[in-house]
Amino acid sequence: MKKWLHPLLFVPILFAGVAGCAQPSMQAGPAPSDTFSEEKKEEILITNDSKQVSIAVDDIPALREYLKEYDQEKRQVELNRSYTQAIPSETAGMLADIGYSCGTKLCSHVLVQLKDDQTKALPLREGSIFQAAYFSPDESKLAVLLGRNEGTDVIHNHVVFVDVSKLEEIDIPEQKQSELVKQLVSPDSFHWPIRDLKWLDDQSVSLTVPELEDSSYETLANWNKTNGPSKEVQISVDNKSD
C-alpha cells in the first residue's frame, strides 16, 4: 500500500504654557494605541510542491488548545516537533494533515484546508500515524487512512471519511455497518490492517483486509510476513442529509 507516509510604547511629553511667557508651538506625538505593534503570530508552514502557505495557529483550534499547556519557550519546541503533510488536490484548495504532540511514531492529527482565504480545521484521531489520503473521483470526499502500530510487524488501520466542501467527518449509518465495517470505521476502532483502499465511484469505497477470524498480534504478524489471504469490503459513503 502506498504510504504517505516588543512593542515599544511612546509616551509624548506635553508642555504647559506659563502665564505671560510665550512658548514655542509643540505638536503632540501619536497616541500610544497608534504606535503599539502586535506580537508576531505563531504559524504553521505547509509546503505543496513549490508552493508554501502559512496558517496561523489561532485558526487551528485543536493545535491552539494543545499549545496552551506550555510556556512560550516550550510552545516553540512543540511547534518545531510538529509536521505537515500536504494532500494535493485540483479543486479543494490547500489541504494538509498536521501532526502534533508526537511520540516515537504516534501523533495527534488535524486536517486543515485553506480555500478562498478561509481556513477550516478538522481534528482526526489522537495517537495515530497518518498513512495516506484518497480523494473520491469528483474530489467531493476524502478517505484518510490512519494507523497504530503494535510492535514492529503489525499496523492496525482506521479510515475517516471527510466531506471536503464542509471539512466535516462523514458518519456511516449504523444500519449500513456490519461488524467488520464497524471495526474499520468506528471511532478509535484500530482493529485490522488495511492492505489497499480505492474508490469505486463517488459514493463507495473498497478496502482490502485480512481474510482472518483472529486479529491477535501473532496471527497478524504472520499474515503480514507471508502476504496472507485477503478479501475486499465495500462501504457506501453518503454525505447527504436525510
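Reader: How many bridges join strand β5 to β6?
Author: This is a predicted model, in which local features need pLDDT of at least 70 and side-chain atom pairs count only at pLDDT 80 or more, while totals for chains, interfaces and linings use all residues. Residues are numbered from 1 along each chain as its sequence is written, and side-chain values use heavy atoms, with hydrogens and water left out. Strands here are DSSP runs of E with at least two residues, and helices are runs of H or I with at least four, both numbered from the N terminus; two strands pair if DSSP finds at least two bridges between them. Strand β5 covers residues 108–115 and runs antiparallel to β6, and the number of bridges joining them is six.

Reader: Which residue of β6 stands opposite L111?
Author: Strands β5 and β6 run antiparallel. Across from L111, the residue in β6 is L122.

Reader: Which strands stand at the edges of the open sheet?
Author: Four strands form this sheet in the order β3-β4-β5-β6, with antiparallel pairing. Each edge strand has a single partner, so one side of each is left without a neighbour in the sheet. The strands in that position are β3 (83–86) and β6 (118–123).

Reader: What is the angle between the ring planes of Y66 and Y70?
Author: Rings of Phe, Tyr and Trp (its six-membered ring) pair if their centres lie within 6.5 Å, and planes under 30 degrees apart count as stacked, over 60 as edge-to-face and the rest as tilted. The centres of Y66 and Y70 are 5.5 Å apart and the pair is edge-to-face, the angle between the planes being 65°.

Reader: How many residues apart in sequence are the parts that the pair of Y66 and Y100 ties together?
Author: The ring centres of Y66 and Y100 are 5.3 Å apart with planes at 55°, so this pair is tilted. Because Y66 lies in helix α2 (residues 61–67) and Y100 in strand β4 (residues 94–100), the separation of the parts tied together, in residues, is 34.
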